[in-house]
Amino acid sequence: MRNALLFILLSVSAFGFSQTGALGSPFLNEYAASVISDDAGNTYIGGSSEADLWIIKRNSLGATQWSRNLSFNGAVTRGDVTSLVKVGDTLFGSVLLHNSSGTTAGGAYFRMDAITGTCDWLKYDPSNNVYFSSVQYYQGKLVLSGSKALTTTTAFYDGKVIAVSSVTGNLLWETPLFGLKFTSNGADYIDDFMAATTIENGKMYLTGRSYVNGAPVNMRPTLIGIDVDDNGSIFLRKYLMYNIATDFSRVYGFAIKRDGPNELVIGFSGDYLCTGCTNNRSGIVKCDLNGNVIWSKYYDINGVTEEIIRGLNVTPDGYVLYGQVNAGAASKAFLLKTDKQGNFLLGKLVGQINTNICVRGAGVNMGGSSDFRNNVHHFTGNKYPTNSNLRDIFYLKADNSNLEGDNSCFIYENFTVNTVVIPPHSGNLTVTNSPYNLSLQSTFSQGNATSTTCPDITVNTTHSNGCVEDSITISVSGISNPQFTWSNGSTGSSVVATTPDTLFVSIHDPVTCCVYEEMIVPDFQPPSTNIDVELPADTTLCLNTGEALHVNALINSSQTGVNFTWNSGETTSGIDIDETGTYIVRAYVGCSEGFDTIKVTINHIPVLDLGPDLQLCISEMPFFIDPDISGIANWQWSTGETTPGISVSNYGSYGVTVSNTCGSDSDSISLSELGFPEITLIPFIDTCVPPGMPILLSAAVNGANSVLWNTGSADFEISVFQSGTYTIAATNNCGTVSESSLVLISHPYVDQIPGLITSCEGYIQLSEYVSSSFAVSSPEIDLSDNLIEESGWIYFTLETSCATYSDSALISINTLDLFYLQNSFTPNGDGINDRFESKTPDVAFTSVEIYDRWGERIYHEENGFHGWDGTFKGHKCPDGIYQVVVFYTDCHGLGVQFNGHVVLVR
C-alpha cells in the first residue's frame, strides 16, 4: 500500500511550480475564508471543521507543519476564520460565529504561536451577534472590525470596531454600533464592515455595504475611515459608485487594499439593475484617501451566470480579483487580472473534474482574505462533488504571470469580459451611534487535526526489458483516473527508460488532488561483449593549425548494422582528432558490443604573429610583449631573452624566433611613441553678422581619437549663433587636452526700444524695456536704482563692432491704479471731513454702492462718484460701519471691483 506523500503538488523542477490541493475529512464539513503567506514560503489557512476553528500551516513544499482545531466546547455551532495576520512568530485571527440556523451568533479572535501552532488565548462572545470580518495589528494592539446583527434573523446590521492587547487579548476600547444613513434618506437597515486595510499613521479604511432606503435591493459599497489613535472615531464616511438620486442598484464592497501611500482599491460584487438580484457582476473601484473616485469598472465575464468575489490582491503592475462564478452545481473559481488603470489583461476559470468550487461562506457573505507575495497569489475556498455532499477546503496557489498553478489538479480555462466603465461618483453618509458592549469569554480547548483526505492506493509495476531499454508500466488501484508525471518529463502510465538512472513518478488523484510518489529503478538485460572493433596504434604527429587526424574504427567480423559512440560525443565510425587525448569507441548492435582505445599526441607547427606595430603612450611603458602561441619549446628574442614574453622599457623594434619538434617561425613588432593630441583654435573672435546668421568656428586637430565641444558636438567645426566661450576637447589613448575661443557676435542695430513706455503702477523698471548694453546719453529724469517715477524723454546710445547707434523713448507714468478711499468721515457740518469721497484723482467710476449693517442699499451712483453726505432719503444715518462696493475702470481698460468699509462718526 502507498500512503500519500504530499497532499499538495511539490514545487520542484521535475513536477512544476504551483501548489494546490484540498484539505479535510470526507466525513466532516470544512470551510475556509482566509489565507496568508510569509517570506519563508509558509502558508497559513484559516477555516472551520464542523463546530471548531481549524488553522493549518504548510511549508514551501506543501507539507503540513501543524494542524490545530480550537473548540468552543459546545458554545457555538460553527466558526469561520475570516482574517489572519502574522507578526514575527505570532499569528492572530478574527472569527465569525454561527448559530444552528447558519446565521450570525457572535465573534471571536485568537493568538497562536506560528512556529508550534499552540494557541495562547481565544476570546469570544457567542451570543451577542457581533462578528469580526478583519483583524489588523498596530503598535501592540489588535484592531478588529465587523458588524452586529440587530435581530436573530440577521436582517439588520450595524458596524463595530474594537481594539485589544496583542499580548493578553484584553479589551482596550470599543466603539458604539455605527449605523449608516444616506443624507437623502433616514433608513438604517444593513450597514456592515466586510474588510479592512492595514493601519498606517493611525488610519484604517473599511468597506462593506449600506442600504439606501431600507429596501433589500438598493445598496452601495461604503468607504469608512477609522482613527485608531482616537479610539475608533470615524473621520471619513462615504458611499461609492452609483448616484442614489438617479441609479437603483445593489452592490457590495467585499475587499479593500492600499495601493501606495495615497490610493485605495476596493473589490465589489453586485447587480446594477437588481430586477432579480441574481445577475451579480464584480469589479474594482479606485479612489484617493478622501473617497474621491478615480475610476470604477465592472467586468461581465462571458459565458457565466454570476460573479461573486472573495479576494483582491495588489501587484506592482495591477490588480487580481478572485471569486466564484455560477452559483450551485456548476460553480468554479475565477481569477481576473487588470493593469493599474483597470484595463482587463487576463482571466482564468478554475475547476475540477466532477467537483464544484465555492468561495462563499455559509450563512452571511464574508469578505475573506487572500495574499500576494514573491510574485505568487494565494487563495482558499471550498469544494464539493454535489450540493448535498460535505464540504472540504481547497487551497489555490497561482503564478502572477499566467494566473495558473497545478495543472494536474485544476482545469484552467481562459475567459473574456465586457468591461463597463462606471462614471466616478461618491457621496457622504451620516452616522448614528448606539452604545453596545461586548461580554467576552475565554474558555476553549485545542487539539491536533487531520489535514488529509488522501485514500490509500496500491501501485503495481511491470518491466519489459532489454539490454538498451526498459519499458515500464504501472497500474494503480484505490483511485479513479489517476494521472502520471515522470521525472524524465513523460506522462501516462508507461515510460521507456534508456539509461539506468532511477525514475520517479508522481501519481495524481484528480478528485482529491492528492499526490503520491513512487521510485522505480530500470531493469536492463546485461549486454554480451562479442564485437571485435579495432583502432589504429597510439601515435604522435605534427599538424598545421586547422588540420586534424582522421581515425576510423574497423569491425573485424561480418557483423552489420553496427552503431558507434565515442567518449568525445560522436556517433560515426570515424572521427577527426585535433587535440591531444585518449579516445575510446564503443561499437554495439542489439545486446552485443565491443570497445577499443587510441592515444593521440599532437604537436602543432609553429605559426607566430606578434600583431601590428603599436604606438604607445609614455604611461603605457614599460610594455609586455606576450605572443599568443602554445606548444613552443624554445624562445629566442632579439634582446637575448629566452622567455615566452618580455617586458620592454624603450621604444624600438623587437623580434623573436620560436621552435619545437615540428619546426620554427619568426616575427617582429615595432613600438613608437604616441603623444597627446594637438589642437589649433583661434582664441578670440569679435565680428558683426546679420541676425540669425552663424559664424563657423573650426579647430585643426591632430592625433586624436575623438573630439567634443562644450556644446555637445563631436565635429571639428561648429556653427556659433551667439557670443560666448567655446571649448573643444581632444582625446586619444594618452589623455585629453582642450582649447577655448572667446566669441563676441554683434548684429546691426534693429529698433529694440519702444517709442512709448507707459505704466499704471506709478513707476517703470527701465531694465524691463532697455538692455544693459545701452548707455544713457541724455538723461532728463532721475535714473537712481533704475526706477523711473516721472514722465519725460530719455535718450540712449549703443556701441557695437558693427557701428554706434542712438535711440530714444517717451516715458508716461499713470498712477490711476493707486486707488484710495478714506475709511471714515464725520458729517457734523464743521467743514472738516464732512463727506465720504474719493481721494484718487482721475478715477473712472462705473458705480458706487453703500449698504447698512442689515444689507439695505442706502446710496447708489452711476458713472461717477461725487461723495456721500451720510444721509438716506433726507434722514441722517446713525453712527456705524457701512459696506462700500465700487466698480471702476483701471488704466488698462479693465473693470475692477473694490470692496471695503467706511465708519460714520458724527
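Of the 906 residues in this protein, 49% count as buried, and the coordinates come from a predicted model. The protein is built with 76 strands and zero helices, and the chain is joined to itself by two disulfides. A disulfide is a covalent bond between the sulfur atoms of two cysteines.

**The protein as a whole**

**The disulfide of Cys542 and Cys662**

- Cys542 and Cys662 form one of the disulfides, with their sulfur atoms 1.8 Å apart, and the link is left-handed, with -85 degrees about the S-S bond.
- Because Cys542 lies in strand 43 (residues 539–543) and Cys662 sits in the loop between strand 54 (652–660) and strand 55 (663–673), the pair ties together parts that are 120 residues apart in sequence.
- Cys542 has a relative accessible area of 37%, so this residue is partly exposed, since the partly exposed class lies between under 20% for buried and over 50% for exposed.
- Cys662, the partner of Cys542 in this disulfide, has a relative accessible area of 17% and is therefore buried.

**The disulfide of Cys617 and Cys734**

- Cys617 and Cys734 also form a disulfide, in which the sulfur atoms are 1.7 Å apart, and this link is left-handed as well, with -100 degrees about the S-S bond.
- The pair links distant parts of the chain, with Cys617 in the loop between strand 50 (614–616) and strand 51 (623–625) and Cys734 in the loop between strand 62 (724–732) and strand 63 (735–746), which places the two cysteines 117 residues apart.
- Cys617 has a relative accessibility of 1% and so counts as buried, and Cys734, with a relative accessible area of 16%, is buried too.

**Two further cysteines**

- Cys119 has a relative accessible area of 5%, and this residue is therefore buried.
- Cys877 is likewise buried, because its relative accessible area is 7%, and the cut-off that decides this is under 20%.

Technical notes: Residues are numbered from 1 along each chain as its sequence is written. This is a predicted model: local features need pLDDT of at least 70, side-chain atom pairs count only at pLDDT 80 or more; totals for chains, interfaces and linings use all residues. Side-chain values use heavy atoms; hydrogens and water are left out. Helices (H or I, at least four residues) and strands (E, at least two) are DSSP runs, numbered from the N terminus. Buried means under 20% relative accessible area, exposed over 50%, partly exposed in between (1.4 Å probe, protein chains only). A disulfide is a pair of cysteine sulfur atoms within 2.5 Å.
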